Amino acid sequence: MAHEHAHDDAHTHDHGHDDHAHGPDKGIMRWIKTTNHKDLGTLYLFFSFTMFFIGGLMSLVIRAELFQPGLQFVDPELFNQFTTMHALVMIFGGVMPGFVGLANWMVPMMIGCSDLALPRVNNWGFWLLPFAFTMLLSTFFLPGGAPAGGWTIYPPLVLQTGNSFPILIFAIHMMGISSITGAINVVVTILNMRAPGMTLLKMPLFVWTWLITAYLLIAVMPVLAGAVTMLLTDKYFGTSFFNAAGGGDPVMFEHIFWFFGHPEVYIMILPAFGIVSSIIPTFARKPLFGYASMVYAVASIAFLSFIVWAHHMFTVGIPLAGELFFMFSTMLIAVPTGVKVFNWIATMWRGSLTYETPMLFAIAFVFLFSIGGFSGLSLALAPVDFQYHNTYFVVAHFHYVLVPGAVFSIIAAIYYWIPKWTGRMYNETAGKWHFWLSAIFINVTFFPQHFLGLAGMPRRIPDYAVQFTDFNMVSTVGAFGFFIAQFIFIGNVLACCYGWFGRTRNATAQVWEGATGLEWSVPSPAPYHTFEDPPLVGDDGMPVHGNAAAAHAH
Amino acid sequence: MGLLGTISLAIGGFFALEGFWPILPFAGLELAAVGLALAHSLRRNAYREVVSFEAATIAIAFGMAGRGAAAKLTLSRVGTRVVVEAGPYRNSPTRLCLSCGGQSVELGHCLTDAERERIAVRMRELIHPGWRAPVRQAAPVESWLQN
Ligand SMILES: [Cu+2]
């Protein structure tokens, strides 16, 4: 009984996750009950693409109606419902959950922790969404139909909405809660759960952009929640926040809405910057040029997003000083954005470039997003905006930043990381076909809309003057082409998920020759739990031991 | 957090002054949620369980890192058994318990099943000498427990 080893301490330590059985559960309950960040990331992405599909079908109805002047397929009231719901579904159902899904998958793997900080909240935040959108979409079948006042829900027009109005407000609240839970989870995870050695300024840019995005979300979601609540009380409880007859101010709604709305636009593009900043260095086989300036640029863009909102309201009638202030502050955004574009190009400069599908989408992002940026600059000029306002030029502008911008980045991210997620490589030939068809058709769809807008075609109309016919026909052809091309993508992705066409799990841990970062140090497919033992992160952002031992597949 | 709170409340406060007060309570609610989440995560990160094996006893201490043990417990080294039992439902996590007579403590609640299994094996090695042949050389405790 003599004891040499008087003290043998066993510390048990919380890794920040609660219940986890080691493999996934079986069957449907796995997906309902899961608190695993990878499962939830997958759910978010599947949800997002379902919504992209539904919103895409709505856009096809819109484009079919606009193929020719006159009314062919839908009556004007239904047309307005489709434009409104297309926007709500794409923004809140497609783009945002898409980015949250990517954050779920990648943020823990990029900073070397085992899961998000609040896994059960994560589950709850996701499962709010299917209910919110089922409710919202069901309004098409109510008497009076779906909301039709535009996604910006301006009073007094939106107050004329019928039975679908309270459902719209409730759905927006649910989406808001879901976004906030996601944002809180990302912030807490990044601040509290980074692996040793993963200092803030060593974090991959995707993590940085998501941290700043999450801050933006937390700052502006209460504004949206308050705004829609005031609409609700104005309609049903006799308040007059925005009712001029009762002493309220309808223009103030526009201020409040865009105070939320402009940062929201950046919420939908900052993570895209992060994705592109991850992909370009990999395929240029060079470190990202100007890392610190990238971080500062994103932070400046986030700050500026709070002081530009009235550029959506130049024609409302604000004082001249206001017009000037919002014009110049908006133009200022071009500076940090220019820094980012410069850095991406400088990263590619003299790199040893290869053009795999993720890289193609990333390069197209840089090029086409810049076109959207330039049309945005045109719109920022107050005097010019008096002509452009409410025309198809605006439609062309924001679709350029959202589709070849945000959506291309989500597609690029999926091609880039899917070998890591599934262990199976996507088909490169199909990827290239998907890219070229998408890049061509998206320009066929939206470039002519610039001309339509400049010539004076208003947005949100089902019928138009005959001189606009040619460009509208071109645009409609492009839209159908783009939609059909996406089936190549869906097939390619599902083949990776389910191993169709004999795809085998042969992806290496690093996948891409030039890839660096913690996520590439774990095996492909990434085990259900990664980084249960936090890795020690070296100066190059890789685990110090430089092997896959950090992740143990149980 | 301070910055976020300032910005959020400033925005809400400004609109409230303009008469659009419903934004402020949402901002307050949300900040409370952010604060709660941060505090919860920090607290959980600091939680520690320390098990020390003395000649005749096993000392177990629970508490927050840096603040000493909040609760302590001593079991007899000879009479303690290490039990890993299945959870109450299919797929629920296993439970690792040290039982001594009628007393039983659960340990490693926040670990994974596999980690609990490894700790159980190691603890059994350390307890056995009390009533079986002494182990020659106790292997160093796995460093993965001490991150
Ligand atoms: Cu804006």
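This is a predicted model: local features need pLDDT of at least 70, side-chain atom pairs count only at pLDDT 80 or more; totals for chains, interfaces and linings use all residues.
**View 1. Copper site of chain A.** Three histidines coordinate the copper ion: His262(A) through ND1, His311(A) through NE2 and His312(A) through NE2, at 1.7 to 2.0 Å. Along the sequence, these donor residues follow the spacing H-x48-H-H. His262(A) belongs to helix 7 (residues 250–267) of chain A, whereas His311(A) sits in the loop between helix 9 (291–304) and helix 10 (320–332) of chain A, so the pair ties together parts that are 49 residues apart in sequence. His262(A) and His311(A) are both buried.

**View 2. Nonpolar surface patch of chain A.** The patch on the surface consists of Phe53(A), Leu57(A), Phe480(A), Ile484(A), Phe487(A) and Ile490(A), which together have about 510 Å² of accessible area. At least two of the patch residues come from each of helix 2 (37–65) and helix 16 (469–498) of chain A. Helix 16 of chain A makes the greatest contribution to the patch, supplying 4 residues. Ile490(A) is located in helix 16 of chain A; its relative accessibility is 32%, and Ile490(A) therefore counts as partly exposed.

**View 3. Antiparallel hairpin of chain B.** Strand 1 (residues 47–53) and strand 2 (residues 57–64) of chain B run antiparallel and are joined by 7 bridges. The two strands, strand 1 and strand 2 of chain B, form a hairpin, with 3 residues between them. Within this pairing, Phe53(B) has Ile58(B), in strand 2 of chain B, as its bridge partner.

Definitions and conventions
Residues are numbered from 1 along each chain as its sequence is written. Chains are lettered from A and ligands numbered from 1 in the order in which they are written. Side-chain values use heavy atoms; hydrogens and water are left out. Patches are made of residues with over 30% relative accessible area and no salt bridge: like charges are joined within 9 Å, nonpolar side chains (Val, Leu, Ile, Met, Phe, Trp, Tyr) within 5 Å. Accessible areas come from the Shrake-Rupley method with a 1.4 Å probe; for residues, only the protein chains shown count as cover. A salt bridge is a side-chain nitrogen of Lys or Arg within 4 Å of a carboxyl oxygen of Asp or Glu. Buried means under 20% relative accessible area, exposed over 50%, partly exposed in between (1.4 Å probe, protein chains only). Two strands pair if DSSP finds at least two bridges between them. Donors are N, O and S atoms within 2.8 Å of the metal (3.2 Å for Na, K and Ca); water is not among the atoms, so sites may look incomplete.
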